[in-house]
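Grab a pencil and have a go at each exercise before you read its solution. Each one comes with worked steps.

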Amino acid sequence: MREPEQWGASEIVERAVTAASALHEEAVLGAFVAGLGSAPRGRQTVISYGWARFLDTAPRDEDGVPDCGLSPVSEVDVTEGLLRLALGWAWNEMPEHYLPDLEAAAIQGLPRPEEEDRERMRALLDLIRSMPAGTRPSELEKEIARAKIVPGTDKYQRYGILIGLAETGVLPSTSLSPMWDRFIPTAERHAAYRTLRGAPRSDVTVPLSGWRGGLDEQRASRLLDA
């Protein structure tokens with residue numbers, strides 16, 4: 001702890017591509033389902049994997065790095081990052097923190113969901129279906145808290161779960177495609193964020209911040225089957 005490692009952007013990209021290539025998307029989706037209960041560390045990997053899965057074919061700048069949100073050099077406390085994963089933290093910013101997640105998943109394997117995890121996911125999806133058109137992510141998060149679907153979570157952990165659903169396309173967004181589908185340049189992500197009303201004060205990132213109700217049933221079904 002408190003001994004960060006320094007990594008260059010090109011090193012992060014190459015290591016992330018290698019780690020992601022060792023993972024299977026069905027296993028990543030299954031780990032996310034497990035993240036609702038038996039294995040909180042499974043929540044982040046859908047985001048990390050979504051970011052990394054198209055890096056190998058993404059356009060690169062003169063330094064050989066895609067427009068993927070990395071600084072030229074990043075400092076990462078790997079031990080702290082792995083501890084946060086174990087506690088169920090998940091978010092789609094600061095992509096340098098995706099690398100410890102991806103490499104740990106590739107080396108150690110990913111958790112498989114238990115039936116209770118699948119029941120929680122079904123309950124969460126049913127709650128989302130019940131929300132009226134025009135519902136905002138903040139309103140959905142409050143309903144999840146009231147329903148106590150994922151016990152032991154705070155507001156930001158619940159947002160992390162919803163970000164995972166948005167980045168896999170289960171929660172369709174009006175502002176940005178999910179990175180599960182294609183490479184999303186950072187410039188495009190920033191432009192999408194600026195189009196949203198109230199964005200400068202929002203602590204909810206795109207594509208989740210562009211959700212206004214609804215569920216992609218085909219993607220939801222695939223998630224439950226993983």
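Before we start, a helix axis here is a line fitted to C-alpha atoms, for helices over the stretch in contact, and angles run from 0 to 180 degrees between N-to-C directions. The model is a predicted one, where local features need pLDDT of at least 70, side-chain atom pairs count only at pLDDT 80 or more, and totals for chains, interfaces and linings use all residues. Residues are numbered from 1 along each chain as its sequence is written, and side-chain values use heavy atoms, with hydrogens and water left out.

**Exercise 1.** Work out at what angle α2 and helix α6 pack, and which residues make the contact.

Step 1: Find the helices, which are DSSP runs (H or I, at least four residues; strands are E, at least two) numbered from the N terminus. Helix α6 covers residues 115–130.

Step 2: Read off the geometry. The two helices pack at an angle of about 85°, and their axes are 8 Å apart. That makes α2 roughly perpendicular to α6 (65 to 115 degrees; under 35 is roughly parallel, over 145 roughly antiparallel and the rest oblique).

Step 3: List who touches whom, with contact meaning heavy atoms within 4.5 Å. From α2 come Phe32, Val33 and Ala34, and from α6 come Asp117, Arg118 and Met121.

Step 4: Sort them by class. You get 4 nonpolar, no polar and 2 charged residues (Ala, Val, Leu, Ile, Met, Phe, Trp, Tyr, Cys and Pro are nonpolar, Asp, Glu, Lys and Arg charged, and the others, Gly among them, polar).

**Exercise 2.** Decide whether Asp117 is buried or exposed, and find what it touches.

Step 1: Know the cut-offs: buried is under 20% relative accessible area, exposed is over 50%, and partly exposed is in between (1.4 Å probe, protein chains only).

Step 2: Apply them. Asp117 has a relative accessible area of 1%, so it is buried.

Step 3: Look around it. Skipping residues up to four places away in sequence, Asp117 touches Val33, Ala34, Gly37 and Ser38.

**Exercise 3.** Explain why helix α3 counts as largely enclosed.

Step 1: Check its residues, 45–52. 8 of the 8 are buried, so the rest of the structure largely encloses the helix.

Step 2: See what does the covering. The cover includes α1 (9–21), α2 (25–34), α5 (98–108) and α8 (155–167).

**Exercise 4.** Describe the ring pair of Tyr49 and Trp180, then that of Trp91 and Tyr156.

Step 1: A pair of aromatic rings is described by the distance of the centres and the angle of the planes. Rings of Phe, Tyr and Trp (its six-membered ring) pair if their centres lie within 6.5 Å; planes under 30 degrees apart are stacked, over 60 edge-to-face and the rest tilted. The structure holds 4 such pairs.

Step 2: Take Tyr49 and Trp180. Their centres are 5.4 Å apart and their planes sit at 55°, so the pair is tilted. Tyr49 is in helix α3 and Trp180 in the loop between α8 and α9 (186–194), 131 residues apart. Tyr49 is buried at 7% relative accessible area, and Trp180 is buried at 6%.

Step 3: Now Trp91 and Tyr156. Here the centres are 6.2 Å apart with planes at 55°, so this pair is tilted. Trp91 lies in the loop between α4 (78–86) and α5, and Tyr156 in helix α8, so the pair ties together parts 65 residues apart in sequence. Tyr156 is partly exposed, at 33% relative accessibility.
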